[in-house]
2 protein chains.
Amino acid sequence: MFAFISHLICPRCDSRFDPRKVHNLCTACASPLLVEYDLEQVRASVDKETLARRGESMWRYRELLPVMDPAHIVSFGEGFTPLLPIDALTRTWGLETVWIKDDGLNPTGSFKARGASCGISKAKELGIREVALPTAGNAGGAWACYGAAAGLRVHVAMPRDAPAVNQLECRLYGADLTLVDGLISDAGKLIAQGVREHGWFDVSTLKEPYRIEGKKTLGLELAEQMNWQLPDAILYPAGGGVGIIGIWRGLQQLKAMGWVTGSLPRLIVVQAEGCAPLVKAFEEGRTESEFWPDARTFASGLRVPKALGDFLVLQAVRETGGTAIAVSDEQCGEMMKLLAGRTGIFAAPEGAATLAAAKILRERGDLASRDRVVLINTGSALKYPEAMSEALAMR
Amino acid sequence: MFAFISHLICPRCDSRFDPRKVHNLCTACASPLLVEYDLEQVRASVDKETLARRGESMWRYRELLPVMDPAHIVSFGEGFTPLLPIDALTRTWGLETVWIKDDGLNPTGSFKARGASCGISKAKELGIREVALPTAGNAGGAWACYGAAAGLRVHVAMPRDAPAVNQLECRLYGADLTLVDGLISDAGKLIAQGVREHGWFDVSTLKEPYRIEGKKTLGLELAEQMNWQLPDAILYPAGGGVGIIGIWRGLQQLKAMGWVTGSLPRLIVVQAEGCAPLVKAFEEGRTESEFWPDARTFASGLRVPKALGDFLVLQAVRETGGTAIAVSDEQCGEMMKLLAGRTGIFAAPEGAATLAAAKILRERGDLASRDRVVLINTGSALKYPEAMSEALAMR
């Protein structure tokens, strides 16, 4: 048993909640809830050497994850994805030390497997039978997959123009799929209605506390794979932004445990020019973003006009001295081709966006030539046939 | 350095060849060549405990792989895929102990990553600059990927009606792709011509000795993941059949080293009713197959009308007391849905074929209820949008 959770906390109003009960948002202020652990107990129970001998999945960090009974864990080996050096490619732009964390190599072909593995496992532990979520595409596939493995019913709402493969995978996993004319925000309204009417458990981004714990392992792995020497900057393609909040939380926990020291990496948000609410809010000095009208980009995971956790993303970026930047679909397509052809890394357009951003940030001086930089590739290009076609048709 | 290769051998005429030189087929009888190792030396250099502490990829078996200098290894973490129990599903058919080895979780979404990682690494070590192959689809993507990572030029010929995603991935990796009106056999003729005219290195299935060494790790992993207690039967979906020959070779080597004991598992070939040359040859008691006219199946990896290594596949099946069976596309589609919906395993039609076959073999009495059975899923359904659509449209 791994019972190191101490409580759930609201980052906005500091209310505390009992983790043995089922929760969605803060009942006082409707903010997302975060999970707190007894880090002293964790430190007393596991050390880096023990960790190094464990299996190569995100569940190696089980003391920092919310599932108490290992029998509830639903896993296909997600996480502990390779950290691949791409210096040979970036050196020509004056960036000497760059890695890609290739999360497209996860089960279901995207980093959404981390959140779904953790979220479904915890839902199972809590005795939940039906979950529901809106998705830009990949989260739907991931939750449908882990839900099928756990025997939970999964209700998914997705934009009708999401990649066709996302719709097919949800249906093949037997999920209850509804296509929506509109964006993930419109799909979210439909799910909210189903939650009210049918009592489904709402696992929308940050509307339950456990998906983000799975994403947090991205940060834990980076630290371990870099031999506990954190990089100078991490570039993350933000749709809902859970991953960057997760990485931030994970690194803070490692720091509190004394497993890493010094400043946290600058956390840098990358968005698409056609949907950049976080970049706009960052540049305008706001603490929250505004709904982005008419969101458009072939990087379907970035078509999130307003993220529930926007205030946490902006806080993470500012507190770590990071920045935010938008890139065009053309730049993403070019970088998809460059990465695949020069390194064999098969990045989703979202992942390719971070490479485009790195180049621009170097030109701007926001990244120095000796900065140790990590780019997060959130998915495999295999899940984006439409974007592959567009990338190949460019120039 | 890992220099445990002793020589290359022709399994048909016993000719021996120097592994430090570049070889394709046997120069005496045109048979595929196989790699032999000094197994005494391997046993003296590594034990099971050392192995258990290594990284979770197929390169943990480096003493039994042909690459001598680790600097030449091109890897995205392929291999050591999960072995997933599916007893809850198969028990209703009277099969109590069944696992799926989910090789769809490899980089590039198929088991072809094993052969390409090994083949490209060895080609790099041998100083080769350009490789060429025909493919039913997934091998093209895998070799294009690892070739791009190694800086090698990859020439691919593929049937025009192969899954669209296979064409897209080859182009995005920057491979030289030619589409052919016909089957993999027609693509093979085109490649043979390019090899003659341009001096490309021919890496067609079994036309060089190293792709199969990567596939062999499937057998090594099965043994290790089952705690060195081999299963009773392994069901393998055979197109070119390299995987089953590789598994057979790998298990023979482990037996020669004393790492496993007793009989080898019954090796069972599964093909599609619309292209079953090995099944026909097995049933007719022949040692080689005949060209299958008008091959048709949505399991594109099984559309191989005549395999160069057919005589080795048939030998492996007969010597281990196995059998051969063909299943219909409808049965594959049904099993794709059943597997995804009940277990979260997202099998390619080829992998789903082995589940359909297991059910029939149990009915026939070829599998006993207590047999410990392993099914090989060779790819992810993500690479088969067309087959997913067809499966969903059934019934």
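Predicted model: local features only at pLDDT ≥ 70, side-chain atom pairs only at ≥ 80, totals over all residues.
Is B:Ala276 buried or exposed? B:Ala276 is buried, because its relative accessible area is 5%, under the 20% cut-off.

**Around B:Ala276**

B:Ala276 sits in a loop of chain B, between strand β11 (266-272) and helix α10 (277-283). Next, show the residues it touches: leaving aside those up to four places away in sequence, they are B:Gln271, B:Trp292 and B:Ala326. Of these, select B:Ala326 and look at the C-alpha atoms: B:Ala276 and B:Ala326 are 50 residues apart along the chain, with 6.3 Å between their C-alpha atoms.

B:Lys280 counts as partly exposed because its relative accessibility is 33%. B:Glu290 is also partly exposed, at 40%.

**A buried pair in chain B**

Now select B:Arg114 and B:Glu221. Their closest N and O atoms are 2.7 Å apart, in a salt bridge. The pair links distant parts of the chain: B:Arg114 is in helix α4 (residues 112-125) and B:Glu221 in helix α8 (residues 211-225), 107 residues apart. B:Arg114 is buried, with a relative accessible area of 0%, and B:Glu221 is buried with a value of 0%.

**Salt bridges in chain A**

Move to chain A and select A:Glu169 and A:Lys383, which meet through their side chains in a salt bridge of 2.7 Å, N to O. A:Glu169 lies in helix α6 (residues 164-172), while A:Lys383 lies in the loop between β13 (372-377) and α14 (385-393), 214 residues away. Both A:Glu169 and A:Lys383 are buried.

For a network of salt bridges, select A:Arg12, A:Glu288, A:Lys306 and A:Asp310 together. Over all chains, the structure holds 48 salt bridges.

**A sheet in chain A**

Finish with the open sheet of three strands in chain A, ordered β2-β1-β3 with antiparallel pairing. Strands β2 (16-17) and β3 (34-37) are at the edges with a single partner strand each, so one side of each has no neighbour in the sheet. Select β1 (residues 5-9) with β3 of chain A: the two pair in the antiparallel sense over four bridges. Which residue of β3(A) is the bridge partner of A:His7? The partner is A:Glu36.

Conventions. Residues numbered from 1 in each chain as written. Chains lettered and ligands numbered in written order. Heavy atoms only, no water. Buried < 20%, exposed > 50% of the residue type's maximum accessible area, 1.4 Å probe, protein only. Contact = heavy atoms within 4.5 Å. Pairing = 2+ DSSP bridges. Salt bridge = Lys/Arg side-chain N within 4 Å of Asp/Glu carboxyl O.
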